Amino acid sequence: MKGSLGTSLVVHVVVLVLAMVSLSAPKPLDVAQEEVLPVDLVPVEELTQMQQGDKKAQPAPKPSTKPTKNTKIVDKAENAGDNDVDLKTPPTPVKKPTPVETAAAPKPTERPTPTPTEEQNQVKDVAKEETAPKPQEQAALPTPKPPEPTPPKPTPTPPKPEPTPPKPEAAKPAPSPIQAENKSDTGEIPDTPPIPAQRPTPPKPETPKPVEEAKPVEKPAEKKPDPPKPTETAKAQDKATEKPTNKKVADKKQEVAKASSSKQSDFNADQISTLLNKEQAAGGGAKRSTSPAATGSTKPANAAKLSQSELDALRGQIENNWSVIAGIDGADGVVIRVTMKLDQSGAIIGRPEVTASGGSDAARRTLEGSALRAVMRSSPFKNLPADKYDAWSEVVVNFDPSELL
Amino acid sequence: MEQAGLAAVATGDVSLWSLFMQAGIIVKLVMVGLIGASIWTWAIVIDKYISFARARRQFDQFEQVFWSGQSLEELYRTLADRQNVGLAAIFVAAMREWKKSFERGARSPIGLQMRIDRAMDVTLSREAEAYEARLGSLATIGSAGPFIGLFGTVVGIMTSFQAIAGSKSTNLAVVAPGIAEALLATAIGLVAAIPAVIAYNKFTADAGKMSARMEGFADEFSAILSRQIDEKLQPRQAAQ
């Protein structure tokens with residue numbers, strides 16, 4: 001036994017030593033350094049659904065809304081915009097208040113002049129007559145507004161044509177009324193001083209001519225010389241000379257009428273709050289965008305979709321109310337498509353649109369009718385997820401009536 | 001332990017010896033114990049192989065001599081002084097009992113037969129015990145070796161996971177050496193156990209064959225002696 005134990009020991013030692021020598025360290029695996037492929041999990045809706053962007057902008061790889069100026073970041077905002085609160089309503093335009101202010105300014109000056117309704121009526125009649133010549137005079141002038149800015153100017157009729165030409169010259173649509181106001185109110189702007197100087201003259205029919213002739217010379221010096229202007233001014237001169245004081249009165253009345261009419265049209269009790277509201281924009285979302293605008297849908301990209309089971313539930317509600325008459329000839333292959341608009345409570349708005357295709361004419365007509373009845377009977381629809389109203393505000397449901405038979 | 005593991009990671013040393021040295025004290029003990037068991041297994045295997053081979057040779061030689069027609073008395077005289085094993089030991093035990101009974105003048109042939117059988121049985125069981133000695137430890141090593149190795153592995157993996165938790169890295173390079181080192185314990189356990197199981201099966205079968213052969217010889221010899229007793233006692237009874 002000792003001998004065999006010794007032998008075993010020796011053999012083990014030999015084997016272990018051999019193992020240590022031969023199996024010292026296995027060759028490290030030669031793993032090639034492969035490039036790491038970044039993998040993103042992208043929901044299919046991101047590719048299949050229209051994404052939020054700007055409808056008018058040029059297409060770009062990624063849809064994007066107009067860049068926003070507001071840098072304050074709002075959590076979970078879905079609608080793009082500069083608002084601090086995420087609202088679905090589109091932003092109200094900022095420009096609106098400014099024209100209202102300009103219209104409001106002249107009113108106090110005009111108030112003393114307004115006269116009873118008869119006069120207004122007369123004036124309107126007169127105005128119709130006189131408005132006819134105006135287009136002739138100012139055919140080149142595109143803007144219908146010219147009468148409005150004119151009233152603030154203190155002096156009577158003849159100046160009218162005169163102040164108008166500068167506007168087309170300036171060619172700036174928005175700022176021009178303001179400039180006109182400024183001119184009339186303050187008189188600080190260098191353009192205005194010459195005009196009052198001229199205005200005293202027009203009442204006298206003879207004298208204005210030289211002065212006004214001189215004016216065209218002055219104006220070109222001041223501003224850009226436009227070829228049509230001299231002719232217009234010449235016409236105006238002619239008319240100014242031709243028309244007697246009656247015309248002045250008529251013009252005055254016309255102005256008054258226009259002012260009053262504009263006053264009437266602009267004043268809206270409902271809009272008082274908007275007039276008083278000095279905030280830049282109401283409505284609009286709070287989702288910020290820094291990239292340039294690119295084509296896309298106006299709806300937020302992550303608009304919820306009705307799931308298949310929710311659609312099936314909706315379809316089931318209709319099918320429960322659907323009594324399909326058995327034994328209709330040619331009902332096979334009829335497919336009915338119902339398009340309906342729903343309100344928040346699930347009730348149908350208006351009349352659902354039912355179209356059938358396939359099968360015989362008679363069967364189609366019958367099934368369309370029964371489908372419409374079923375849809376109307378199942379209104380209001382229940383169990384529609386309220387938070388996905390965007391998805392089911394307008395629903396299209398397809399039916400195969402042969403399944404119901 | 002952690003430092004050793006991390007050092008191995010740093011050097012990339014995964015050789016057998018470094019794996020052993022990195023292991024914890026329990027795993028080391030298990031490994032050493034299993035290596036010892038392996039040594040013991042192989043010692044038994046070698047010992048049994050040699051002794052069985054020798055025993056088989058002796059059986060053959062003895063049977064050759066026994067059936068050669070040689071006088072049993074002579075055979076007994078040659079063998080009586082020797083240290084006998086196997087068939088020879090049984091033969092000598094039976095002959096000794098025979099001699100003693102006849103020298104003292106035994107009266108009952110049945111009692112003599114029984115005594116001879118007893119003597120042969122005792123010798124036979126002693127010889128069989130010698131053949132089966134240490135086969136039990138082979139069985140133990142064969143069945144328990146894998147479990148002991150597994151224990152070492154579990155402890156080693158536990159400690160290496162603790163080390164991983166300490167190092168706060170799940171990099172495979174950190175995990176691998178500890179697991180490899182722990183698995184070494186199972187490997188050693190299997191290395192010790194597999195030969196032990198094979199050897200145990202083989203040597204139990206061999207020992208069974210050997211004792212069957214001895215029993216066969218004992219029965220045969222008992223029959224021969226019984227005939228001899230009858231032959232020797234009848235003349236005596238006839239003489240009386």
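Helices (H or I, at least four residues) and strands (E, at least two) are taken here as DSSP runs numbered from the N terminus. The model is predicted, so that local features need pLDDT of at least 70 and side-chain atom pairs count only at pLDDT 80 or more, while totals for chains, interfaces and linings use all residues. Residues are numbered from 1 along each chain as its sequence is written, chains are lettered from A and ligands numbered from 1 in the order in which they are written, and side-chain values use heavy atoms, with hydrogens and water left out.

Under the DSSP definition, B:E97 belongs to helix α5 (residues 87-103) of chain B. With a relative accessible area of 18%, B:E97 is buried, where buried means under 20% relative accessible area, exposed over 50%, and partly exposed in between (1.4 Å probe, protein chains only). When its neighbours within four places in sequence are left aside, B:E97 is in contact with B:L112, B:R115, B:I116 and B:A119, contact meaning heavy atoms within 4.5 Å.

Chain A has 17 helices and 3 strands, and 31% of its 405 residues count as buried. Of the contacts in chain A with a separation of 6 or more, 77% are between residues 24 or more positions apart.

Helix α1 of chain A (residues 2-22) has 21 residues, which at 1.5 Å a residue should span 30 Å, in agreement with the 30 Å between its end C-alpha atoms; the expected span is 1.5 Å times one less than the number of residues. In α1(A), A:S4, A:S8, A:H12 and A:A19 are buried. They lie on the same side of α1(A) because they cover an arc of only 75° around the axis, an arc taken from the directions from the helix axis to the C-beta atoms. On the other side of α1(A), A:K2, A:V10, A:L18 and A:V21 are exposed. The buried residues of α1(A) pack against α2 (16-22) and α3 (25-66) of chain B.

| Item | Value |
|---|---|
| Residues in contact | 14 of chain B with 14 of chain A |
| Buried area | about 1200 Å², 81% of it on carbon and sulfur atoms |
| Salt bridges | 0 |
| Residue pairs in polar contact | 5 (both at pLDDT 80 or more) |

Buried area is the accessible area (1.4 Å probe) that two parts lose on being put together, summed over both. A salt bridge is a side-chain nitrogen of Lys or Arg within 4 Å of a carboxyl oxygen of Asp or Glu. A polar contact is a pair of N or O atoms within 3.5 Å; within protein, one must be able to donate a hydrogen and the other to accept it, and residues adjacent in sequence count only if both atoms are side-chain atoms.
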